[in-house]
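Welcome to my notebook. I opened a structure that was new to me and jotted down what I looked up, one stop at a time.

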Amino acid sequence: MMKIGLTYTGSDAKHENYVRWLKDQDDTIEVVRLSVADDPGAIKECDALVLSGGVDIEPTLYGGPFGYDKSPKTGWQKDRDLFEYSTLLFAWEHGLPVLGVCRGLQLINVNCAGTLVQDLGLRGDETHENSTGVDKQHAVGVVEGTLLAGIVGGAAGGMVNSAHHQAIDRLGKGLKVSSRAEDGTIEGIEWADPEGKPFMIAVQWHPERMYVDKMTDVFLYKGIRDRFVEEIKKKL
């Protein structure tokens with residue numbers, strides 16, 4: 001049985017979207033929920049880590065101010081941030097494959113000493129943020145020669161969903177961009193030099209909801225999931 005650790009996004013319904021996507025009807029895969037409220041050491045029993053989406057990262061972790069537009073009305077969840085930080089470090093130290101989604105991409109970037117655009121403003125309103133409760137959709141380009149390009153079979157890009165008002169500002173140390181939106185927003189990251197490092201890829205879109213919604217560009221959600229599972233199997 002393959003065990004994939006998945007950080008809890010804060011919503012049971014959204015969590016189940018990730019579970020369906022990761023399992024893809026494969027009963028040999030178990031998805032283990034990871035959160036501060038659950039067993040904090042559960043990652044030790046897992047074969048891989050998925051960092052899910054959710055609330056904004058607490059600004060002190062990347063040197064940002066608190067008083068920005070659209071800061072969380074109910075406040076930040078620094079306990080979750082620190083838990084996911086330590087979980088990510090454990091995964092890297094023990095060679096576990098890592099996949100980041102939306103907030104997960106941002107957390108990886110911050111963990112590598114990167115910073116965030118705290119609110120995309122008009123860019124977010126028009127292109128990226130699902131302020132009405134419905135995901136937006138926009139095109140992304142995939143950078144040639146990246147891990148992501150290999151996963152998507154050399155495709156130049158495609159259409160993804162979008163539900164974020166923050167994004168990467170300064171790229172973290174040791175990372176490179178694998179995908180951008182047409183407005184320049186970073187949509188994918190990976191290791192700049194993967195030699196000797198565990199598999200890691202992160203995207204700003206939500207492949208788990210693309211899977212549920214059966215969006216057309218399958219390689220941008222199923223392709224990512226399939227490669228991730230393939231990398232896990234190599235470690236078993």
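**Asp-119.** I began with Asp-119, which sits in the loop between strand E5 (116-117) and helix H4 (122-128). Helices (H or I, at least four residues) and strands (E, at least two) are DSSP runs, numbered from the N terminus.

I keep in mind that this is a predicted model, where local features need pLDDT of at least 70, side-chain atom pairs count only at pLDDT 80 or more, and totals for chains, interfaces and linings use all residues. Residues are numbered from 1 along each chain as its sequence is written, and side-chain values use heavy atoms, with hydrogens and water left out.

A salt bridge is a side-chain nitrogen of Lys or Arg within 4 Å of a carboxyl oxygen of Asp or Glu.

I did find a polar contact of 2.7 Å between the side chains of Asp-119 and His-165. Such a contact is a pair of N or O atoms within 3.5 Å; within protein, one must be able to donate a hydrogen and the other to accept it, and residues adjacent in sequence count only if both atoms are side-chain atoms.

**Lys-70.** Next I followed Lys-70 to the loop between strand E3 (48-51) and helix H2 (78-93). Its phi is near 65°, a positive value in a residue other than glycine. Most residues other than glycine have a negative phi. The side chain of Lys-70 meets that of Asp-125 in a salt bridge (2.6 Å, N to O). Lys-70 lies in the loop between E3 and H2 and Asp-125 in helix H4, so the pair ties together parts 55 residues apart in sequence. Is Lys-70 buried, exposed or partly exposed? I noted partly exposed, at 38% relative accessible area, and Asp-125 is partly exposed too, at 37%.

**Cys-102.** I then looked at Cys-102, in the loop between strand E4 (98-101) and H3. Cys-102 also has a positive phi, about 55°, although it is not a glycine. Cys-102 is buried, with a relative accessible area of 7%.

**Helix H7.** My last stop was Glu-231 and Lys-234, whose side chains meet in a salt bridge (3.1 Å, N to O). Both lie in helix H7, three residues apart, about one turn of the helix. Glu-231 counts as buried at 11% relative accessibility, whereas Lys-234 counts as exposed at 54%.

Definitions and conventions
Buried < 20%, exposed > 50% of the residue type's maximum accessible area, 1.4 Å probe, protein only.
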